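Notebook open, model on the screen.

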Amino acid sequence: MRVAVMTAPGEVRVEDRAEPVIAEPTDAIVRLSATCICGSDLWPYRGIEALRKPRPMGHEYAGIVEEVGSAVTTVRPGQFVVGSFFASDNTCEICRAGYQTHCVNRQPAAPDGAQAERVRITLADGTLVPLPEVPPDDLVPSFLAASDVLGTGWFGAVAAEAGPGKTVAVVGDGAVGLLGVLAARELGAERIIAMSRHADRQKLADEFGATDIVTERGDEGVARIKDLTGGLGAHSVIEAVGTQESMLQAIRSTRAGGHVGFVGVAHEVTLPGMELFFSGVHLHGGPAPVRRFLPDLLDRIVSGRIDPGRVFDLELPLDEAAEGYRAMDERRAIKVLLRP
Ligand SMILES: [Zn+2]
């Protein structure tokens, strides 16, 4: 079958590899209805994250179960499923507390890559959420978004304690930041300030529920947030980039007593202790426990309440994955959907 493999920074090839097989009794094999490229795939693509050997890519997936291992009881062949990028048993104490990405049995859900025709999913019972019926094709992008970027933006909003009466600022206008806007709206935030300099992303932020757009970034961006909030800063700030600048922008945009939900994968971020000490903000984040939110998110998609699939603004055949990476790297596309 065809699999997208990163062979070196800036280099992605779609190769023929062996069909996945059940390796553990807890595995499932899923035929992908669609897959996609993640902003986090750009870290190794840009050489910021080490790539020691060719890596089959992809960790976002939605599709039809073809086969399950002998120990799997909650999903069966023929069902349409969505799961998170980390597999979890969903039974340990950490999972039951809603932190499945920190499960004591955590492992990559798609160790052989998910930018492929088929994928082997580990710990299928704890990881996959089946839909009652196979959805129409036009909903597939939204279910695929739920696998990572929607769940991650949602966690950012929850960690930032977005809710009624709150002013929420969102740092980052990638798919996760934009879906953080959508999550903040769904959670009832009063005012949602999207920080973006790109017209197409501002437009989507508007559609997802942003009430204000701030185009400045860094210290100027912080000053604008302060201007818009009576000099105090936002109650809730979602950090969806993962750089030193974005993290400090998020912390400095938050009022004392407020909350930062940081979900951008942090690279080389160092926080100044004295500034943190005097900021009086709550920090919470990390890899999103998408599995916690999936049943609710899938319901909202099925009912037509949310349409997170709109973050996919470029669709390509899997065989053209390399062009998809280029388009995201050059910011020509927000997020690329790949059709196997
Ligand atoms: Zn667990």
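This is a predicted model: local features need pLDDT of at least 70, side-chain atom pairs count only at pLDDT 80 or more; totals for chains, interfaces and linings use all residues.

I started with what the buried residues of α9 pack against: β11 (167-171), α8 (218-228), β14 (234-239), β15 (254-262) and α10 (273-279).

Helix α9 spans residues 244-252, and seven of its nine residues are buried. I listed the buried ones as S246, M247, L248, Q249, A250, I251 and R252. So I asked why a run of neighbours does not all face one way; an α-helix has 3.6 residues a turn, so residues three or four places apart are the ones that point the same way.

**Domains**

I looked up how the chain is divided. Domain 1 takes 2-148 plus 289-339, and domain 2 takes 153-285. The centres of the two domains, over C-alpha atoms, are 26 Å apart. For the contact between them, I get 14 residues of domain 1 against 13 residues of domain 2. Which classes of residue does domain 1 put on that side? I find 10 nonpolar, two polar and two charged.

**Whole protein**

The secondary structure comes to 12 helices and 18 strands. The C-alpha atoms fill a box of roughly 60 × 40 × 40 Å along the principal axes. I wanted to know why the radius of gyration looks reasonable: a compact globule of 340 residues would have one near 20 Å, and the protein has 19 Å, which agrees. Of the 340 residues, 52% count as buried. I also looked at contacts with a separation of 6 or more, and 68% of these are between residues 24 or more positions apart.

**The sheet with β1**

I traced an open sheet of three strands, in the order β2-β1-β4 and with antiparallel pairing. Its edge strands are β2 (11-16) and β4 (55-56), each of which pairs on one side only. Strand β1 (residues 2-8) is joined to β4 by two bridges, and the two run antiparallel.

**Strand β9**

Which residues of β9 (residues 118-121) point which way? R118 and R120 go one way, V119 and I121 the other. I noted that all of them are buried, both arginines included. For its pairing, I found four bridges to β3 (residues 28-36), with the strands antiparallel. Among the residues involved, A28 has I121 of β9 as its bridge partner.

**G209**

Last stop, the glycine. I placed G209 in the loop between α7 (199-208) and β13 (212-214). Is it buried, exposed or partly exposed? I count 16 other C-beta atoms within 10 Å of G209. A residue needs 20 or more to be buried and 12 or fewer to be exposed, so G209 is partly exposed. Leaving out residues up to four places away in sequence, G209 touches V181, L182, A184, R185 and I192. I also took one distance: G209 and A194 are 15 residues apart in sequence, and their C-alpha atoms are 9.4 Å apart in space.

Terms used
Residues are numbered from 1 along each chain as its sequence is written. Domain bounds come from an automatic or database domain assignment. Two residues are in contact if their C-beta atoms, placed from the backbone, lie within 7 Å. Ala, Val, Leu, Ile, Met, Phe, Trp, Tyr, Cys and Pro count as nonpolar, Asp, Glu, Lys and Arg as charged, and the others, Gly among them, as polar. The radius of gyration is taken over C-alpha atoms; the globule rule is 2.2 Å times the number of residues to the power 0.38. Two strands pair if DSSP finds at least two bridges between them.
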